[in-house]
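This report concerns the salt bridges of one protein model. Please consult the sequence and the structure shown here.

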Amino acid sequence: MSGTLHTHPHPEVSCLVVTLENPGKRNALDAALWQALGDLFLELAAEGLPWRSVILTGADGAFAAGGDLEEFPCVRADIASALDYHEGKVGRALRAIAECPLPVIAAIEGPCIGGGLEIAAMCDLRVAGRSARFGAPIARLGFWMYPGELALLRERLPEGLLAQMLLEGAVLDAERLWRLGVLHHLVEDGHALEEALAVARRIAAGAPRVARMHKLWLARLRHRTPLSEEEKRAGLAFLDDPDYREGLAAFLEKRAPCFGRHARGEEV
């Protein structure tokens, strides 16, 4: 039986909850689950969807306990199949999560290991229960992390933390990652999804395009090349956005803003 992906809409906060499930394996990630993740997040890049954010979580008190080792002799039987697995499935899914135009929130309970750590790192915000555990102790299994995946992790996590996880095989607690700023919210066990929905609610309270644009610019500015003149102008495109006029007017009139009215054909 292969792992499955479940989606649960939460229209009250304009959020889609995506749940990893692989019963009896603490949501270990098999090839089918990686494929489904990549497919879904590529779909979420489309324009016109009703969601303002996405929450990624795991079923039954676990986020994901790594790759599904039982299928490795098949999916990584030789260089060709291993390249297809790591580039065509794992790498494709991780890049689709990282490049999703919507903010992605990880709601983490229990083990967040190996592939689970990679997925959580690709998310923009991370919420974890106090008993969550993080690491990639693959040295004990006799293989090293595929460099394409390690490059993605190195962009998102402190290099010293990665070194400890990979060289020592350390599995670290949520408190350690909270102190390092890797986790954005630390909550009591069983409440990660609840807090992630509260985060989604705060995102939805802002103007519709702002979170998307902040995510886009944060990604651009990881590359330290100077902004072009075209980019500088694009960075001020909000001046022509009706939501900017509404937000400023609401502040001056001391009332709550009502964003998106122009999209519904209402008078602004």
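Is Glu 246 buried or exposed? Glu 246 is buried, its relative accessible area being 3% (buried is under 20% relative accessible area, exposed over 50%, partly exposed in between, with a 1.4 Å probe and protein chains only).

## Basis of the model

The model is predicted: local features need pLDDT of at least 70, side-chain atom pairs count only at pLDDT 80 or more, and totals for chains, interfaces and linings use all residues. Residues are numbered from 1 along each chain as its sequence is written, and side-chain values use heavy atoms, with hydrogens and water left out.

## Salt bridges

A salt bridge is a side-chain nitrogen of Lys or Arg within 4 Å of a carboxyl oxygen of Asp or Glu; the count by this rule is 15. One of them joins Arg 130 to Glu 188, with 2.9 Å between the closest N and O atoms. Arg 130 lies in the loop between strand 6 (125-129) and strand 7 (133-135), and Glu 188 in the loop between strand 9 (185-187) and helix 8 (192-204), so the pair ties together parts 58 residues apart in sequence (helices, H or I of at least four residues, and strands, E of at least two, are DSSP runs numbered from the N terminus). Arg 130 is partly exposed at 40% relative accessibility, as is Glu 188 at 49%.

## A buried partner and a network

Glu 246 pairs with Arg 255 in a salt bridge of 2.8 Å, N to O. Arg 255 is partly exposed at 32%. Elsewhere, salt bridges with shared partners join Lys 25, Asp 68 and Glu 70 into one network.
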